[in-house]
Structure formats: C-alpha cells, structure tokens
Amino acid sequence: MTVPYLIYCTSEGEIREEPRLQALAFGNQPVEAGDLIPLPGGVTLAMRPGRLAVGQKRSGEQQIITKSRRWAAAALLPIGYTRALLPAYDKVPGTEPLPFFGYSALAGMNGRLYVAALKTDDPRKWHPRAFNRRTLTHLVREKQAEFPRNRIVAQHAHCALDYSCPTASNLFFGRWEMAIAVSPGCNARCIGCISKQEEENLVSPQDRLTFIPTVEEIVEVAVPHLEHAEEAIVSFGQGCEGEPLLQWRRIEQAIQAMRARTDKGVININTNASNPRWLQRLYDAGLDTIRASTISGHPETYTAYYRPLGYTFEDVKESLKRACDAGVYSSINLLSFPGMIDREREVEALLSFVKETGLRLIQLRNLNIDPEVLLPRMPALDLMGKALGMRTMIEIIRREAPEVEMGNFTRPVKRSRKGLPVQQTTFPN
C-alpha cells in the first residue's frame, strides 16, 4: 500500500520531500492515497512562512521539521477543483495570519506531487492558459481607447491585469461570463471578505470599488457583450465590490435598458440575497439567474461568518424561494471549508435548505482564509457532529437531491418570456 509522504518548503522556496514521514492534513489527520489526485494543470504551490512542516512517523508519532525553517507547503487549486483536506502545520508563536488563499493539503507518492482535491467542474474556461497575458493587455488597451470615459472598463482593466480576474478579463476577450461591479458598499461583514477588512492584522487581497457607475456606463459595455459574446453572461456582483443589491435600483434600470435593446444573452447577479423585495424587482425587470452566497444552510453558521447588517438568513431563503417562483435559475456559492461544511449538522441543514428553496445548482467555492482566522469566529466544530469528508458530502447531496446540479461555475441559463428556463449548457463533473 502506497503511503503519501510529506512535502515541504525550504526558506528559499524550494520544494522538498520527506519520504520517511506520512503527510498529514489539518488536525493531524493522516493523508491517505484515496484522498489525492495528481497535481492538476494551473495549480500553484505555496510556502506558508511561520508554519513548520509536520508529518507522521511509522510509529504514529508526529514529527515537526524544525531544521533551518522547513515551512509547510500547500497547493492553491485552479477553479473547477474543490479541496478535500486542509494542510497540517505547526505554527510559530506570534506570526501574522496567512494571506487569503485556499490552502489545500499536498503530498508526494512515487516521486510525484498530489493534492487532496476533487475535480468538480470543467475548468476549460477558467484555466490560466485561456487568458493569454499579451493578448489580454492588447485587448484592454483597445477597449480603453474605445470607451475612454467608462469607469467600468477602467475598473475591470485593473482587475484583469493586476488580479488576473477571469470575469473581468472576459469583458475584454468578449466571451463567456463578464463582470460588472456596481457597489462600493456592503451590508455584511464577512470574515473572509477579499475586498475590505476591518481588522488591522487582516489584509484584503483586492481593492474595493470606489464609485457607483451610471446606468449608461453599465449598458454601454453590457449590450455588446450580450449580443456578440459566446455563451454571454453579464454578471453583477464581483470580488472587487461590496453587495450589489445596495444598488438594486440602478441594476433594475440597467436590466430594463439592456432588455429594451437586446433579448440575447444571460443577465446574472452574484449576491448575498439579503432583500427579497429588491430582488423581486430585478426578477420582474428580466434577471435570468441568481447566485446567492452562503457558507451553510444553518442560520447559526451563516450568521457567524457573514455577520449581516439589517437582514437575516431567513431573508436569504425567501429571496431564493421567490427566484424559484419567478422561474429564475437559482444557485448558491457554497464557501467550502473542509472539516466544517462537511459535518453532519451542516450537511443535513444544507439538504433542507436546498429542498426548501428549489435550488438548481450548488457552486462549490474554496474559501480563501487562514484556518486560525476563521475557526475562532465560528461555532464550535464539535457542535456540528462528525466530519464526513468532502467526497462523502458531495455523494450525499447527489443522492438525496438528484435534481440539483453540483459544480463550480455559473450556467448560461436564459429565461423564457413566461419566466421559465429554456436554455441550459451543462458541463461534465
């Protein structure tokens, strides 16, 4: 039987292996061969300074590699892959929190690198090779010359070139799902917010949008995309902004203006779904799809992470129920943190949430956060029951809710004039 062994980093960033020690996952759980897949294309290997590498001897005793600062290594997965285990480490006292990335357990077998992950969607449209840097830079310059006063173009040029954001880049490539950021404000204080952090020792990896675009700016870039792009989706609600629903009236007017000019393409919103009445206005205006963000189907877990201002988890559920009634294709962006969302209480609550709201799709999203930032702010794990494992969680959902698709990406599903979905492109899992 092949035993996965420890992979670690030197202080200079060199990847090394220690075949004498079995790889461990977070919580000092031994990594097994069945947990792993070969390292996929597009993965990034990461050194975690201040976190010493730790493995397990054949005797079962744990061993920390302390010589010359052997730091714990991790893999950062490309979109389309869901991590199954977090990496183990021994933290050096007094070190700063880790940057906001989705750290996955890494291991070696027979001289090759493996990662604890599952392929959960077709990553073709999101793979780095689909976003050639030289071509993108040229297209950004062309678009900026065409729309020199459009602040949306300027914002997403920054996101595309500085953050390698796929949906921002698609604005310039003229294809697939295209970003439109509209809201600098937010009515939640998510622990893992990637565009604004209130705590001094936590640094968000992106800059928050600083303006509110006009309806004209939105329509100017959205209509050509809807009319001409392959599998066109225009999406409100991006990582560089707050909550788009706070600009619901502007979005409503923009949807009406877009649909007055073209009936092509799909209009989507990525949202916290905090206000059913505002979303109803968007449904009535012609919104095709909605993706609501959540970390759980349980109100206690949800509230602990999102720390909502002026709304509750019941509002989120009501928004999705109304989407179902309106014929709007609904999905959730399920923030995935192995060892928490796969616990018995959480799986049971998620199944109940799915069935109560009429969801059509669960988009799994690896939560980018340091475990020691997240876990102290969440309900105690032992109150959530046994951890079943991400693979088992996915199998249970597929068995108990076969009508719900599981993946990682928004689907180009267009509503008919009667409000019913008529077109759907599916991707293999």
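Modeller: Contact here means heavy atoms within 4.5 Å. Keep that in mind for what follows. The model is predicted.

Colleague: Let me try it on one residue. Leaving aside its neighbours within four places in sequence, what is phenylalanine 173 in contact with?

Modeller: Beyond those neighbours, phenylalanine 173 touches Ala130, Phe131, Asn132, Thr135, Leu136 and Leu139. It belongs to helix α3, residues 166–173.

Colleague: Is phenylalanine 173 buried or exposed?

Modeller: Buried means under 20% relative accessible area. Phenylalanine 173 has 19%, so it counts as buried. Its ring also has a charged partner. Arginine 175 lies over the face of phenylalanine 173, 4.1 Å from the ring centre. Arginine 175 also lies over the face of phenylalanine 131, at 4.9 Å from that ring centre. Recall that Phe131 is itself among the contacts of phenylalanine 173.

Colleague: Now the whole chain. How many helices and strands does the secondary structure come to?

Modeller: There are 11 helices and 22 strands. The C-alpha trace spans about 70 × 45 × 40 Å along its principal axes.

Colleague: What radius of gyration does the chain have, and what would a compact globule have?

Modeller: A compact globule of 429 residues would be near 22 Å. The chain has 22 Å, so the two agree. Buried residues make up 58% of the 429. Sequence separation is another thing to read. Take the contacts with a separation of 6 or more: 75% of them join residues 24 or more positions apart.

Colleague: Which residues touch the most other members of the largest nonpolar core?

Modeller: Ile180, Phe236, Met258 and Tyr305 do, in a core of 97 residues. Helix α4, residues 215–228, gives the most to this core, with seven residues.

Colleague: Take Tyr305. What is tyrosine 305 in contact with, leaving aside its neighbours within four places in sequence?

Modeller: Its contacts include Arg189, Cys190, Ile191, Gly192 and Cys193. Ile295, Leu335, Leu367, Leu374 and Met378 are also among them. Tyrosine 305 is buried, at 3% relative accessibility.

Colleague: And its ring? Which kind of pair do tyrosine 305 and tyrosine 306 form?

Modeller: Look at the angle between the planes. Over 60 degrees counts as edge-to-face. These planes stand at 80 degrees, with centres 5.0 Å apart, so the pair is edge-to-face. Tyrosine 306 is buried too, with a relative accessible area of 2%. Ring pairs extend the picture: they link Tyr302, Tyr305, Tyr306, Phe313 and Phe353 into a cluster.

Colleague: To what number does the count of aromatic pairs come?

Modeller: Nine. One of them joins phenylalanine 101 and tyrosine 103, edge-to-face, 6.3 Å centre to centre and with 90 degrees between the planes. The two partners read differently on accessibility. Phenylalanine 101 is partly exposed, at 39%, whereas tyrosine 103 is buried, at 4%.

Colleague: A charged residue next. Is arginine 51 buried or exposed?

Modeller: Buried, at 1% relative accessibility. Arginine 51 lies in strand β5, residues 44–52. Apart from neighbours within four places in sequence, its contacts include Asp90, Glu96 and Asp370. Arg70, Trp71 and Tyr89 are also among them.

Colleague: Last, backbone angles. What is phi of serine 164, and of glutamate 231?

Modeller: Both are positive, in residues other than glycine. Serine 164 has phi near 55 degrees. It sits in the loop between α2 (151–163) and α3, and at 53% relative accessibility it is exposed. Glutamate 231 has phi near 45 degrees. It is placed in strand β15, residues 230–236, and is partly exposed, with 28%.

Key
Residues are numbered from 1 along each chain as its sequence is written. This is a predicted model: local features need pLDDT of at least 70, side-chain atom pairs count only at pLDDT 80 or more; totals for chains, interfaces and linings use all residues. Side-chain values use heavy atoms; hydrogens and water are left out. Rings of Phe, Tyr and Trp (its six-membered ring) pair if their centres lie within 6.5 Å; planes under 30 degrees apart count as stacked, over 60 as edge-to-face and the rest as tilted. Buried means under 20% relative accessible area, exposed over 50%, partly exposed in between (1.4 Å probe, protein chains only). A charge sits over a ring if NZ of Lys or CZ of Arg is within 6 Å of the ring centre and within 35 degrees of the ring normal. A nonpolar core is a set of buried Ala, Val, Leu, Ile, Met, Phe, Trp, Tyr and Cys residues joined through side-chain atoms within 4.5 Å. Helices (H or I, at least four residues) and strands (E, at least two) are DSSP runs, numbered from the N terminus. The radius of gyration is taken over C-alpha atoms; the globule rule is 2.2 Å times the number of residues to the power 0.38.
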